[in-house]
Amino acid sequence: MQPRNMSMSGVVDLAAVKAAGEAKVKAEQARAEAARQGGGGAVPPSALVIDVDEAGFESDVLQRSAEVPVVIDFWAEWCEPCKQLGPLLERLAHEYNGRFVLAKVDVDANQMLMQQFGIQGIPAVFAVVAGQALPLFQGAAPEAQIRQTLDQLIQVGEERFGLTGIVVDQDAAAAEGAGEAPVEEPAGPYDALLEAAVQALDASDFAGAVRAYKNVLSEDPANTEAKLGLAQAELLARVKDMDPQQVRKDAAGNPADVMAQLAAADLDLVGGHVEDAFGRLVETVRRTFGDDRDTARVRLLELFEVIGPDDPRVGAARTALARVLF
């Protein structure tokens, strides 16, 4: 898991950004001006991890990358590996204390950025240094390897672009650490069951999570959190013991095998290939009849629950499903 093509000019169109040489000069000028004014431009620790969307990408990432390397974590709420990687990257951002900034991009809400970076699956981690996009790694990775990649990134930023990072306001850090504990809101009627389900998911006890979510839904069938959680837990339970290579081989070799297509669609979704998963099942519905068609249709509806009804890809797939059904 080494940074790839660290000298490349970018895998997305960053023509609007200043050239690397200009970025270096601007960074040096900014540091000199801050020193002249008697301040180091110190930022609070909260500025080390930021949520970024398409509207703020230029200012929050491209412009900021002239001062400090910006690591971009492309994630989604339904992505289980993202839930492991994200907190680790956030912890490292604070530990590195201003040597890089972590920008978190929710791909479900920022499809344009996902397409511009050519991302095929999540989690995916890139960096932008002096306006240049650098692919780092995809998927969850061991902490030691992530640290090695970050160290190399920081070295490149320093040696090639003169980026020495940003100064963190230590007084603000101390104040944040000493802040009073937030007032806890009263627990809802199902909070204990939902928390038990989340803990079961974190422990890879998918059967336990399924039971907990079903217990909530038995009392409150419209509970949105439980419906989403149940769909995710059932999906993860199905793929847990799969051999991905064999599943994809079976699906490719047996297009008419409904169960093979369902298994491959599950893997597609877990890997972040949402449209591929939906398209596979819509096509399976199109070419099947009777019980097989209904089985594929129901699985597609279950995967819709994993992604959520507001996602535009779900709307597009619903339209495609309607076309083949009626």
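Visitor: Why is the contact of Arg91 and Glu95 called a salt bridge?

Guide: In this predicted model, the side chains of Arg91 and Glu95 meet with 3.9 Å from N to O. Since a salt bridge needs a side-chain nitrogen of Lys or Arg within 4 Å of a carboxyl oxygen of Asp or Glu, the value of 3.9 Å for Arg91 and Glu95 falls within the limit, and therefore the pair counts.

Visitor: Where do Arg91 and Glu95 lie, and how many residues apart are they?

Guide: Both belong to helix α3, which covers residues 80-95, and they are four residues apart, or about one turn of that helix.

Visitor: What makes Arg91 and Glu95 partly exposed, rather than buried or exposed?

Guide: Buried means under 20% relative accessible area and exposed means over 50%. Arg91 has 41%, so it is placed between those limits as partly exposed, and Glu95, at 44%, is partly exposed because its value also lies between them.

Visitor: How do you know that Arg147 and Glu143 form a salt bridge?

Guide: The closest N and O atoms of Arg147 and Glu143 are 3.0 Å apart, and because the cut-off is 4 Å, this pair meets the definition. Arg147 and Glu143 are separated by about one helical turn, because they stand four residues apart in helix α5, residues 143-161. Arg147, with a relative accessible area of 23%, is partly exposed, and Glu143, with 28%, is partly exposed.

Visitor: Which residues are linked with Arg91 in a network of salt bridges?

Guide: The network links Arg91, Glu95, Glu143 and Arg147, and it thus takes in residues of helix α3 and of helix α5.

Visitor: How far apart are Arg91 and Val49 in sequence and in space?

Guide: Arg91 and Val49 are separated by 42 residues in sequence, while their C-alpha atoms are 9.4 Å apart in space.

Visitor: What makes Arg287 and Glu283 a salt bridge, and how many are found in the whole structure?

Guide: The side chains of Arg287 and Glu283 meet at 3.4 Å, N to O, and because that value is within 4 Å, the pair qualifies as a salt bridge. Arg287 has a relative accessible area of 32% and is partly exposed, as is Glu283 at 29%. A search of the whole structure gives 18 salt bridges.

Visitor: Are Cys79 and Cys82 buried or exposed?

Guide: Cys79 has a relative accessible area of 1% and is buried, because that value is under 20%. Cys82, at 6%, is under the limit of 20% as well and therefore counts as buried.

Visitor: Which residues gather in a patch of negative charge on the surface, and why can Asp250 be part of it?

Guide: The patch is made of Asp243, Asp250, Asp257, Asp291 and Asp292. Asp250 is in helix α10, residues 244-253.

Terms used. Residues numbered from 1 in each chain as written. Predicted model: local features only at pLDDT ≥ 70, side-chain atom pairs only at ≥ 80, totals over all residues. Heavy atoms only, no water. Patch = residues over 30% accessible without salt bridge, like charges linked within 9 Å, V, L, I, M, F, W, Y side chains within 5 Å. Areas by Shrake-Rupley, 256 points an atom, 1.4 Å probe, with all protein chains shown as cover. Lys, Arg positive; Asp, Glu negative; His and termini not counted. Charge placed at Lys NZ, Arg CZ, Asp CG, Glu CD. Helix = DSSP H or I, 4+ residues; strand = E, 2+ residues; numbered from the N terminus. Buried < 20%, exposed > 50% of the residue type's maximum accessible area, 1.4 Å probe, protein only.
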